[in-house]
Amino acid sequence: MERKAIVIGASGQIGSELVLALRKKIGISNVVSCDIKEPKSSSILKDGAFELLDVIDGEALKKVVKKHEITEVYLLAALLSATAEKNPMFAWKLNMEGLFNVLNLAKDGLVNKIFWPSSIAVFGPTSPKEDTPQKTIMEPSTVYGISKLAGERWCEYYYSQYGVDVRSLRYPGLISYKSMPGGGTTDYAVDIFYKAKKGEVFSCFLSEDTALPMMYMKDAMAATLNLMEAPAESLTIRSSYNVSSLSFTPSQLSNAIRHIKPDFKISYAPDFRQKIADSWPASIDDSKAKEDWGWEPKYDLESVVAEMLDKIEVD
Ligand code: AKB
């Protein structure tokens with residue numbers, strides 16, 4: 001059967017890159033991008049079909065899915081950790097209702113596969129901090145983490161009760177030169193490169209020794225596409241897979257930047273996001289993902305820093 005995908009939240013950090021990666025893989029005409037905001041006229045999203053849509057509107061979503069005869073849905077529309085803390089009720093509504101609308105499309109037989117991202121935010125202050133296992137104590141203390149953990153439970157429920165083929169990754173902080181993050185606690189790890197490239201001092205909103213799991217976007221795209229192509233029978237996790245690649249502190253990242261830009265300077269002014277970061281793991285055990293569908297990241301800290309500083313464009 002021909003694959004026809006829709007990416008919901010296509011203008012966001014992950015969505016904009018996923019549209020490109022999917023179009024490269026299955027063809028421009030087989031990937032519909034969709035967002036609550038019209039893309040800029042210069043946007044590459046304009047190269048293929050685009051639908052203006054609020055994922056909370058389940059009926060409108062159903063119409064679009066039927067119109068384009070969609071077979072797989074990638075749901076990226078969500079509020080991230082820092083923004084969600086400022087608007088908890090809306091974060092809960094968007095993150096949960098969006099997921100239910102998509103899960104129900106599959107339950108009703110309209111689509112046959114779903115990708116939904118979870119996050120390292122499902123873990124909390126009582127989870128093991130180092131090499132956090134796939135299955136462990138999970139008591140998230142952020143609204144975002146609570147919505148992701150609830151979402152994971154619903155994904156597993158829809159799989160076991162209704163046979164819905166939903167697949168998920170617990171993304172760490174993602175680093176890319178093509179798209180900007182928005183509203184996350186790990187965003188500093190992208191912002192820092194813009195300041196370094198401009199030759200400006202970077203003021204970091206996390207303390208120098210805050211270690212967090214991170215991943216280069218190219219690895220994240222490979223993980224997403226590989227998981228979606230893995231044979232269903234090889235998948236033993238239907239909540240969400242731990243995936244790991246890098247783990248570093250702001251101080252380690254700035255030292256790596258200084259290998260290329262020796263004059264780079266960083267200062268520290270931790271804000272409310274410090275508490276969020278302190279509740280999350282420092283590193284993740286992803287042996288299940290490796291075992292089940294052959295996950296293997298390619299980028300280390302040095303190669304990420306070199307490519308970021310080479311590729312990002314500043315004015
Ligand atoms: C965030 O910081 O909120 C996200 C995430 C780790 O899910 N990047």
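**Entry 1: the largest cavity**

I looked up the largest cavity and found its lining to consist of Leu 75, Ala 77, Ala 78, Leu 94, Asn 95, Gly 98, Leu 99, Trp 116 and Lys 148. The model is a predicted one, in which local features need pLDDT of at least 70 and side-chain atom pairs count only at pLDDT 80 or more, while totals for chains, interfaces and linings use all residues. Residues are numbered from 1 along each chain as its sequence is written, and side-chain values use heavy atoms, with hydrogens and water left out.

I worked with these terms: on a 1 Å grid over the protein atoms alone, a cavity is a set of points where a 1.4 Å probe fits but cannot get out, a pocket is an open set with protein on both sides within 12 Å along at least five of seven lines, and lining residues have an atom within 4 Å of a point. Grid points are joined across faces, edges and corners, and a volume is the space filled by probe spheres set on the points.

The largest cavity holds about 40 Å³ of space. Helix α4 gives the most to its lining, with four residues; helices (H or I, at least four residues) are DSSP runs, numbered from the N terminus. I sorted the lining of the largest cavity by class and noted six nonpolar, two polar and one charged residues. In this sorting Ala, Val, Leu, Ile, Met, Phe, Trp, Tyr, Cys and Pro count as nonpolar, Asp, Glu, Lys and Arg as charged, and the others, Gly among them, as polar.

I then turned to the second largest pocket, which contains about 230 Å³ of space. Its lining is made of Glu 17, Leu 20, Ala 21, Lys 24, Lys 25, Lys 178, Met 217, Lys 218, Met 221 and Leu 225. The elements giving two or more residues to this lining are α1 (13-26) and α7 (217-229). Of the elements, α1 gives the most, with five residues. By class I recorded five nonpolar, no polar and five charged residues in the lining of this pocket.

**Entry 2: α2 against α4**

I looked next at helix α2 (residues 58-67) and helix α4 (residues 88-107), whose axes come within 10 Å and cross at roughly 45°. That makes α2 oblique to α4, since angles under 35 degrees count as roughly parallel, over 145 as roughly antiparallel, 65 to 115 as roughly perpendicular and the rest as oblique. Axes are lines fitted to C-alpha atoms, for helices over the stretch in contact, and angles run from 0 to 180 degrees between N-to-C directions.

Which residues meet between α2 and α4? I found Gly 58, Leu 61, Lys 62 and Val 65 in α2 meeting Asn 101, Val 102 and Leu 105 in α4, where contact means heavy atoms within 4.5 Å. This contact of α2 with α4 has four nonpolar, two polar and one charged residues.

**Entry 3: α8 and its partners**

Helix α6 (residues 188-198) packs against helix α8 (residues 250-260) at an angle of about 30°, with the axes 11 Å apart. The two helices α6 and α8 are therefore roughly parallel to each other. I listed Tyr 188, Ala 189, Ile 192, Phe 193 and Ala 196 of α6 in contact with Pro 250, Leu 253, Ser 254 and Ile 257 of α8. The contact of α6 with α8 divides into eight nonpolar, one polar and no charged residues.

With helix α11 (residues 301-311), α8 packs at about 60°, the axes being 10 Å apart. That makes α8 oblique to α11. On the α8 side I noted Gln 252, Leu 253, Ala 256, Ile 257 and Ile 260, and on the α11 side Leu 301, Val 305, Ala 306 and Leu 309.
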